[in-house]
Amino acid sequence: MGATGQALREDPAQEITATEMGKVPRWRRRSRGPRGVGPTGRALTYLFGLFIILLSLFPLAWMAISGFKARQEVVRSPFQFFPEVWYVQNYIDILQDPAFVRALLVSFGGALLFALLSLTVNSMAAYAFARLEFAFKRVIWTIALMTMFIPHMAILLTSYIVVTRLGMLNTLWVLILPAAASGLHMFFIRQFYLGIPTAIEEAALVDGATRWQIFTKIFLPQSKPVFVVVGITSFLTFWNGYVWPLMTITEPGSSLTLIQPYLAIFRSERSVEYGMLLAGSTLAAMPVVILFLIFQRHIISGIRISGIK
Amino acid sequence: MATTTAAKAPAKAVRRKTKNRDNKIAFLMLAPGLTLLSVFVIWPLIYAWGVSFYTWSFYEDSIYVGLRNFRLVLNDPNFAASIIRGLVYTVIVVPAILTIAFIFANVVKSVGRSAATFLKVSIYIPTIISGVIASIIFVLIYEFRQGLLNWLLGFFGIADKPWLGSADTALYALTVPGVWMGLGLASLIMLAGLLDIPEDYYEAAEIDGAGWFGKTFFITIPLMKNIILFLLVTGFVASIQQFELPLVMTQGGPTRSTQLPNLLIFQRFTTDLYVGYSIAGALLLLVVLGGLSAVIFKLISSEKAVDA
């Protein structure tokens, strides 16, 4: 009893010092299987796990498979998961629509550009906030942080007025520039930079390196984990964006129509082409799913860092 | 470091010097980010406050009207109704997400490592899917004639319902894709919090004879109080702002039953000649939601964030 109480009391202090990353991964210390739960509990656990997978993946699987169904087969009763005849034509047809392919390509290129710009702009600012001493630092940092809490709608409308006045409607710039700088990303990268030990850069400073050299030669090469998270988040934001492109790319059939507006327009204009619509949606979801699967480890551990810590 | 070599008297001067020593390079590196933030975030925000006191349109000179726009919004029964709808939507979505995320985290914790990875990846995938695609999928699942949901419910003897076509059910129908898309992030944050609880606590509790319920309610939940609070508030702020799903799935209908606050504001903005109403509405939401999330961020992420 006494020993237990002591362990309980002592542990928090140890945990505080041990919560830094790089400690023994928690899963290693975990026992297998739910503790103190009988076989029923274990079966329930796995059942629930299965249920979660079904819940999250079924709609997507259904979308991809239904892309192979003939138009009248997508929605039918009795329900059938697989098509009677695999109808590849949907995927071929949508890929032969030049507007669709263009929307995919423009979205992809735009998302790449956007992610690159976001990384450049936010990492430079993050470095300044993490390591440099300059006038009004506290005030500027607080303002940058505050931008994180502005609900989207509060600036969406006046942003639209601003870009209209700047003559940016129907240009590539209106899609890329407005959301590139982000207080959240600055914060996130800065947190990462604060964790980089100062020893190397102090040595470099003594050797006469400039701050810019330290940023490009010491910080950037170490930034991969945080850049993966910020870069992919930016890519996803651009790729999945619907409302802003809907508002700012106003010419019908514009070559800047992105993929989400394309799908929404397709849905309202050719509403009966269910199979083709789902084939197009599947193709539009594929790049982000693949990207996520490649980098899932980084992204998932990124959530751990950004979460609350 | 520098102060140790300096004499006592000019210490202050030295500190001031070190304080601003990197001015030039710092402002060069901050310039792109701060310029973009200023033009596309801070200026629109200030501008919004300015515009909200005027009748403003793209085509006319503006006239100062004081608080009239705010009064218009606050006296508008449609706005109040949209807030209620937003609350109903939120009260369904957020607890659902939290409950599933909590169970999910416990499940992941107790399965093997590869199963855990598989579970984490699967639950996060819907999060990266766009609102438009989610809408397309769920609209077809909800289809009145021979849709998947009605077919499933047919087994329980429930007659076909026009889920999105009826004002009674449309809002509730929207909560499902809402939960589906919001689950991933909440689950992973919940899991991170759960894994942070020292295993020793459970061992100690076990020695004292605590069962699953005891451990959950006396160790897990109290220790995850902060995380749960964080998820509650961020979840509230996120879902009360939801408007892409109703915009694509129902356009706010039928008979406004899915017109959530932001959708109302957005639709008024695109149809009104004068934008004062929509901007005032958006600002009212900003005050409440921005304040709420700033407070929670301050509470949880604490001094660490601001001590530049």
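Q: Buried means under 20% relative accessible area, exposed means over 50%, and partly exposed is what lies in between. Which class does Phe81(A) fall into?

A: Keep in mind that the model is predicted. Phe81(A) has a relative accessible area of 25%, so the residue is partly exposed.

Q: How many aromatic pairs are there over all chains, and how is a pair of aromatic rings described?

A: Two quantities describe such a pair: the distance of the ring centres and the angle of the planes. Over all chains, a search of the whole structure returns 32 aromatic pairs. One case is Phe58(A) with Phe81(A): the ring centres are 5.7 Å apart and the planes meet at 35 degrees, so this pair is tilted. The two residues come from distant parts of the chain, 23 residues apart. Phe58(A) belongs to helix H3 (residues 39-66) of chain A, while Phe81(A) sits in the loop between helix H4 (71-74) and helix H5 (89-95). Like Phe81(A), which is partly exposed, Phe58(A) is partly exposed, with a relative accessible area of 26%.

Q: What kind of aromatic pair do Phe138(B) and Trp180(B) form?

A: That pair is edge-to-face, with 5.5 Å from centre to centre and 65 degrees between the planes. Planes over 60 degrees apart count as edge-to-face. Phe138(B) is part of helix H7 (residues 131-141) of chain B and Trp180(B) of helix H9 (residues 170-195), so the contact ties together parts that are 42 residues apart in sequence. Both ends are buried: Phe138(B) has a relative accessible area of 6%, and Trp180(B) has 5%.

Q: Which residue lies over the face of Tyr277(B)?

A: A charged side chain can also be placed relative to a ring. Arg268(B) lies over the face of Tyr277(B), 3.7 Å from the ring centre. Arg268(B) is in helix H14 (residues 261-271) of chain B and is partly exposed, with a relative accessible area of 26%. Leaving out residues up to four places away in sequence, Arg268(B) touches Asp76(B), Tyr277(B) and Ser278(B).

Q: Which residues do salt bridges that share partners join into one network?

A: The network is made of Arg131(A), Glu201(A) and Arg211(A).

Q: Which residues form a nonpolar patch on the surface?

A: The patch consists of Leu152(B), Phe155(B), Phe156(B) and Ile158(B), which together have about 450 Å² of accessible area. Leu152(B) lies in helix H8 (residues 148-154) of chain B and counts as partly exposed at 41% relative accessibility.

Q: What is phi of Gln251(B) and of Thr255(B)?

A: Gln251(B) has a phi near 55 degrees, a positive value in a residue other than glycine. Thr255(B), also not a glycine, has a positive phi of about 40 degrees. Gln251(B) is in the loop between helix H13 (244-249) and H14 of chain B, and Thr255(B) is in the loop between H13 and H14. Gln251(B) counts as partly exposed at 48% relative accessibility, while Thr255(B) is exposed, with a relative accessible area of 69%.

Note on methods: Residues are numbered from 1 along each chain as its sequence is written. Chains are lettered from A and ligands numbered from 1 in the order in which they are written. This is a predicted model: local features need pLDDT of at least 70, side-chain atom pairs count only at pLDDT 80 or more; totals for chains, interfaces and linings use all residues. Side-chain values use heavy atoms; hydrogens and water are left out. Rings of Phe, Tyr and Trp (its six-membered ring) pair if their centres lie within 6.5 Å; planes under 30 degrees apart count as stacked, over 60 as edge-to-face and the rest as tilted. Helices (H or I, at least four residues) and strands (E, at least two) are DSSP runs, numbered from the N terminus. Buried means under 20% relative accessible area, exposed over 50%, partly exposed in between (1.4 Å probe, protein chains only). A charge sits over a ring if NZ of Lys or CZ of Arg is within 6 Å of the ring centre and within 35 degrees of the ring normal. Patches are made of residues with over 30% relative accessible area and no salt bridge: like charges are joined within 9 Å, nonpolar side chains (Val, Leu, Ile, Met, Phe, Trp, Tyr) within 5 Å. Accessible areas come from the Shrake-Rupley method with a 1.4 Å probe; for residues, only the protein chains shown count as cover. A salt bridge is a side-chain nitrogen of Lys or Arg within 4 Å of a carboxyl oxygen of Asp or Glu. Contact means heavy atoms within 4.5 Å.
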